[in-house]
Structures are given as C-alpha cells and as structure tokens.
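User: I am new to this structure and would like to learn how to read it. Can we go through it feature by feature?

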Amino acid sequence: ISCSAADKTIVIGLAADSGCGKSTFMRRLTSVFGGAAEPPKGGNPDSNTLISDTTTVICLDDYHSLDRTGRKEKGVTALDPRANDFDLMYEQVKAIKDGVAVDKPIYNHVSGLLDPPELIKPPKILVIEGLHPMYDSRVRDLLDFSIYLDISNEVKFAWKIQRDMAERGHSLESIKASIEARKPDFDAYIDPQKQYADAVIEVLPTQLIPDDNEGKVLRVRLIMKEGIKFFNPVYLFDEGSTISWVPCGRKLTCSYPGIKFTYGPDTYYGNEVSVLEMDGQFDRLDELIYVESHLSNISTKFYGEITQQMLKLSDFPGSNNGTGLFQTIVGLKIRDLYEQIIATRAAAPLEATKA
Ligand code: ADP
Ligand code: G6P
C-alpha cells in the first residue's frame, strides 16, 4: 500500500554527537508544529521513537548492527560506520518516504542490546536524528532538509560535565577520557557531515568575555545555505549586507557581558551561505520581541511567534541564548518548507508524481 504523491512523507535529517541537544531541538520542533511528541503507545517502553500528529522522530542508534558487546569485542565505537547498518537505514527510510510502513529495529540504550522491532507508519514528516543521517550518500539523497548541530569541544565539555558529573556521578577525569576516546571517530565520521547540511547551528564560547572558559555564555551561529529550494535564509535589517548590532539600550535589558548580533554572507565548505550570529544572553525573555521584530524571513504565522515559542518552552536548555533562538527559527523554517512542498504538490500533482 502506497499513498499518493501529495502526501508523500517529507524527510528531515538532524545530525550531532550524543549529548549535544538533539532531543531538546526535537521538542522545540514538534512544539512549532503544535503538539508534543510522545513515545509510541503499547510498544517497547525502551523505544527511542517519538510520535506527534504530524511528525515521527526516529533515532538512528536503532540501526546499530553491533550491540554493546559486539562493539566491545570488535573494538569499534558506536560512531564507527562498521557498527551501523546503512543498507537497512536506506531501505527503511526510502520505504517510509514511498508510503510503506516498516518494522524498524530498536536499540535498547539500557541493556545495550537490539530489541524486537516496532512498526513505523509513514508520517507527514519523518525526522531521522542521530550520529549519521548524512553519512551514507543514498540516505542523504532522501533528505528534503538537513541540519547539523556543531557544538565546539569547549562547550561540549562544559555540557557533559554539567550532565555526567552533576546528574550521573562521573568524575572529571572519566569525562575527559571518554571525550578523548571518541574524538578520532568523531572527527573521521561525524564532523564531516556538516558540509552537506542545509543549516548548521554552531555553538562556541563567547567572545564578549576575554579568555572565558566557563562555557556558560555562548556565541551561536546559524549558517544557512543559499539556493536551497523552499528555504529562504533569515536576515537582519538588509539582506546580503554585513551587519553588526548591539541591541542593548532603551528597548532591551542587557547585563554584563551584553548581547551582540552579526549577520552577513560567507562561504562554508565551498558553499555560499548567510550567517546570523548571536553572542551573549537575554536577561528578560519577553524582550526578545524587540530582536524578533528586526529579523526578516523568519516564517512566522503571526507577529511575535518566535517570542511566544521561546516563552512557552522557557525551561528548556538554551532558552536564554542563541541555541534556543536559532533552534526555534529552524523549526519555523522547516514548517514553512513543509507547507511549500505540500502546496506545490497540490498545485501540480503530475509533477509531484514524477519527482
Ligand atoms: P542529545 O539528544 O543530543 O543527547 P539532549 O537534548 O538530551 O542531547 O541534551 C543533553 C544535555 O546537554 C542536556 O541535558 C543539557 O545538559 C545539555 N544541553 C543541551 N542543549 C543545551 C543548550 N542549548 N544549552 C545548555 N545545555 C544544553
Ligand atoms: C549510543 C550513542 C553513542 C554512545 C553509545 C554507547 O549508540 O548514540 O553516542 O557512545 O550509545 O556506546 P557503548 O559502546 O559505550 O555502550
């Protein structure tokens, strides 16, 4: 059974290392689409899938071909392509895109074993999130839009310490060791995927505080590829110009070290891009409306939608800085892309069948 071209599933790829904010981003995205994503009902309680009205998010760890013991025996990490089944990933993502339900394996993060599969029905939007959504060229070609979350080593370290030390009782030394051990495979197999992404969110230490090494205040860059169909990059004040803007003053409360936005054209891995950057953090989230009103091409449905989203999810990590702001903006751009694709198919059903 396959559905008509008009409601063919749209596939989005989200790549990042683990512990870099993918699930937080997914919760922001499904919120933009108007509903929280929940685990599938009645299935395996350890399922990694999240389902909402419009969107199904699957975790690519489910395509591990080697379980935890298998990886230990062979001496490969989860980041290594040899620990992952790209043939099956391709077949199943393609089937869903063609309107066919699949029995997807489940990687159990608690036991480290592969559990019996779960049925995934074709949603309106399928998000594949994980370590390798853009690694295999066949899978990559199935993506209608792709995002890479690029967390710099300094910031990754700060986040891991916060989570693994505070919440999981690991020592500073063991956290350092585990990051170091993953680094060669991360550099070889994960990081290179960013060249293929339509949007990259880069998270770096602030430049507003000299020699900052706390990793609390962040400089976040939204790198948007030019010339992507149905994706018009966001801009600040004047499209294509180079802008530097410190909005602190009468309309925005900024305590030390303040906030600085920059915007302009650039090249990224040989591609023309627009880059919007925010360094610093908001003191008062409701004042974000002042920043929002100066941005264009943000794909909102009403004035203040970004601010409303950010206020609604204010307890999520990154809500007071560029990570939350840019994740929200990318969510709005994906909604816009989805609506444009649907509208194009409705207007030209024959064209859509051929595509
Ligand atoms: P992933 O799904 O990639 O493993 P999560 O979204 O679960 O990542 O985030 C993992 C942890 O990283 C969070 O618990 C939080 O401590 C930290 N984190 C994620 N995003 C941010 C952010 N934007 N700002 C600060 N910390 C963050
Ligand atoms: C998942 C995560 C990896 C993590 C792995 C644990 O696959 O996506 O990032 O490294 O689990 O692997 P391990 O071999 O330590 O159980």
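User: Let's start with ligand 2. How far is an oxygen atom of ligand 2 from an N or O atom in the side chain of Arg 71?

Analyst: This is a predicted model. In it, the distance between an oxygen atom of ligand 2 and an N or O atom of the Arg 71 side chain is 3.1 Å. Arg 68 also reaches ligand 2: a side-chain N or O atom lies 2.6 Å from a ligand oxygen.

User: Which residues are around ligand 2?

Analyst: They are Ser 18, Asp 61, His 64, Arg 68, Arg 71, Ala 78, Leu 131 and Arg 182. Sort them by class next. The shell has four charged residues, two polar ones and two nonpolar ones.

User: Now ligand 1. How many residues surround ligand 1, and which are the closest?

Analyst: Ligand 1 has 14 residues around it. The closest are Gly 19, Lys 22, Ser 23, Thr 24 and Thr 323. By class, eight residues of this shell are polar, three are charged and three are nonpolar. Helix H1 (22-32) and helix H5 (153-166) each give at least two residues to the shell.

User: Which atoms of ligand 1 lie by Cys 20, Lys 22 and Trp 159?

Analyst: Take the backbone cases, then the side chain. A polar backbone atom of Lys 22 is 2.9 Å from an oxygen atom of ligand 1. For Cys 20, a polar backbone atom is 3.1 Å from a ligand oxygen. With Trp 159, a nitrogen atom of ligand 1 is 3.4 Å from an N or O atom in the side chain. On its own, ligand 1 has 560 Å² of accessible area, and the protein covers 82% of it.

User: Why does ligand 1 lie between domain 1 and domain 2?

Analyst: Look at who supplies the shell. Domain 1 (1-147) and domain 2 (198-340) both contribute residues, so ligand 1 lies between them. The C-alpha centres of the two domains are 27 Å apart. The domains also touch: 17 residues of domain 1 are in contact with 21 residues of domain 2.

User: How do I read a sheet? Which strands form the open sheet, and in what order?

Analyst: The general idea is this: strands of a sheet pair through backbone hydrogen bonds, either parallel or antiparallel. Here, 10 strands form an open sheet with mixed pairing, in the order S2-S3-S6-S1-S7-S8-S9-S13-S12-S11. S2 and strand S11 (243-245) are at the edges with a single partner strand each, so one side of each has no neighbour in the sheet.

User: How many bridges join S11 to S12, and S12 to S13?

Analyst: Three bridges link S11 to strand S12 (residues 259-268), and the two run antiparallel. Then 10 bridges link S12 to strand S13 (residues 271-280), also an antiparallel pair.

User: What should I look for in the backbone between strands?

Analyst: Phe 230 is not a glycine, yet its phi is positive, about 70 degrees. Phe 230 sits in the loop between S9 and strand S10 (235-236). For omega, see the peptide bond from Tyr 256 to Pro 257: it is cis, with omega near 5 degrees. Pro 257 belongs to the loop between S11 and S12.

User: One last residue. Where is Asn 44, and what does its side chain contact?

Analyst: Asn 44 is in the loop between helix H1 (22-32) and strand S2 (50-51). Its side chain makes a polar contact with the side chain of Asp 115, at 2.8 Å. A polar atom of the Asn 44 side chain also lies 2.5 Å from the backbone nitrogen of Asp 46. Leaving aside residues up to four places away in sequence, Asn 44 touches Ile 106 and Asp 115.

Definitions and conventions:
Residues are numbered from 1 along each chain as its sequence is written. Chains are lettered from A and ligands numbered from 1 in the order in which they are written. This is a predicted model: local features need pLDDT of at least 70, side-chain atom pairs count only at pLDDT 80 or more; totals for chains, interfaces and linings use all residues. Side-chain values use heavy atoms; hydrogens and water are left out. Helices (H or I, at least four residues) and strands (E, at least two) are DSSP runs, numbered from the N terminus. A polar contact is a pair of N or O atoms within 3.5 Å; within protein, one must be able to donate a hydrogen and the other to accept it, and residues adjacent in sequence count only if both atoms are side-chain atoms. Contact means heavy atoms within 4.5 Å. Two strands pair if DSSP finds at least two bridges between them. A residue is near a molecule or strand if one of its heavy atoms lies within 4 Å of it. Accessible areas come from the Shrake-Rupley method with a 1.4 Å probe; for residues, only the protein chains shown count as cover. Ala, Val, Leu, Ile, Met, Phe, Trp, Tyr, Cys and Pro count as nonpolar, Asp, Glu, Lys and Arg as charged, and the others, Gly among them, as polar. Domain bounds come from an automatic or database domain assignment.
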